[in-house]
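This report describes selected secondary-structure elements and their packing. The sequence and structure are shown first.

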Amino acid sequence: MTKPAGCVICGKTGQKRDEFSLSDQTLGLMHCPNCDLYYLEPRITMSAQILENYYDKAPEPRVLEMADHFADNSRFRSSKKGYAAQLAFIERFVTPGRLLDVGSGFGGFLYIARGRGWDCFGVEISHFWGQKAQTLLGDKWRVIIGRLENSNLAPNSFRVVHLRHVIEHLENPHAILDIIWNILEPGGIMVVETPNSRAMVNTTYAFFARLRKLPRRIATPVDPPFHLLGFSKYSLNKICEQHHFVKRLCTTTAHGDPTWRFQSEGVSNLEFYGAHTTLMPFVHRFSARIGQGDNLLAIYQKPKEELV
């Protein structure tokens, strides 16, 4: 289902940059020069069927194995160290308290956070992964299965709200940001990670796509019906400031090797990059060093004193 759109941040009509075909409908990839936001025109409303097909689809065997055996202390040490590093970064801004992970998946992040002294809760839209998280944490009340909009969480009740690769999926990020503002305690922080529409690798991808005469769509920051928005530093800061959040940090990180974009098109890394395949990890790391990394990582704070 679709409806008329405009820029999600300012409401103005953007410039058309590309097109997608989805269920016999043509969607325009729009860019707002005022906000530097990529979005779709017309806007998609996610049906229950789309959500079920995407979030409850059969997982990769390795991810499923991780979900089922994550509590084994001898396994998945690299992933656990990654979660611990994320939490150590968050603890530079606040001390452990109540933490909400929106889009908590199988609960790995929450499991490690609990071991570091956090009082952990999650919200997960997928029944499959939500149940996995409940099992991992050993408490079904710790993970709400459903949408944040329907969670009825108490005001001023969380020190941290964590959104890792969530905001780009949202039809209406304003509604979610209002809820997060309400449930954060004064001085609490929102941690956001999302693909960077201004990443150097997007330009690199587009170059190789033209070289290989592949569809340009695989180099775009939006991927309907799942990734509905493409944020830059400017657009992410702007929408969060509209909801009175104070920016503490907004930087970019290297995702490693996000070539899943091409594999989903049935194109292998070697077919896509040719002899330059081995150079791509260096591109990812270099781009992050100069502020054009694959992902945005941002910390926004709810002021300790209520705004008048």
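In this predicted model, Lys16 stands opposite Met30 in strand 3. Strand 3, residues 25-32, pairs with strand 2 in the antiparallel sense, over seven bridges. The open sheet to which these strands belong has three strands in the order 2-3-4, with antiparallel pairing. Its edges are strand 2 (15-22) and strand 4 (37-41), each of which pairs on one side only. On average, neighbouring strands of this sheet are turned by 25 degrees against each other, direction ignored.

A packed pair of helices is found elsewhere in the chain. Two packed helices are described by the angle between their axes and the distance between the axes. For helix 2 and helix 5, the angle is about 30 degrees and the axes lie 9 Å apart. The residues that meet are listed by helix below.

| Helix | Residue range | Residues in the contact |
|---|---|---|
| Helix 2 | residues 61-69 | Val63, Leu64, Ala67 and Asp68 |
| Helix 5 | residues 127-137 | Phe128, Trp129 and Lys132 |

By class, the contact of helix 2 with helix 5 comprises five nonpolar residues, no polar residues and two charged residues.

Helix 7 covers residues 200-211. Its 12 residues, at 1.5 Å a residue, should span 16 Å, and the end C-alpha atoms are 17 Å apart, which agrees. Which residues of helix 7 are buried? They are Val201, Asn202, Thr204, Tyr205, Ala206, Phe208 and Ala209. An α-helix has 3.6 residues a turn, so residues three or four places apart point the same way.

Notes:
Residues are numbered from 1 along each chain as its sequence is written. This is a predicted model: local features need pLDDT of at least 70, side-chain atom pairs count only at pLDDT 80 or more; totals for chains, interfaces and linings use all residues. Side-chain values use heavy atoms; hydrogens and water are left out. Two strands pair if DSSP finds at least two bridges between them. Helices (H or I, at least four residues) and strands (E, at least two) are DSSP runs, numbered from the N terminus. Axes are lines fitted to C-alpha atoms, for helices over the stretch in contact, and angles run from 0 to 180 degrees between N-to-C directions. The expected span of a helix is 1.5 Å times one less than its number of residues. Buried means under 20% relative accessible area, exposed over 50%, partly exposed in between (1.4 Å probe, protein chains only). Contact means heavy atoms within 4.5 Å. Ala, Val, Leu, Ile, Met, Phe, Trp, Tyr, Cys and Pro count as nonpolar, Asp, Glu, Lys and Arg as charged, and the others, Gly among them, as polar.
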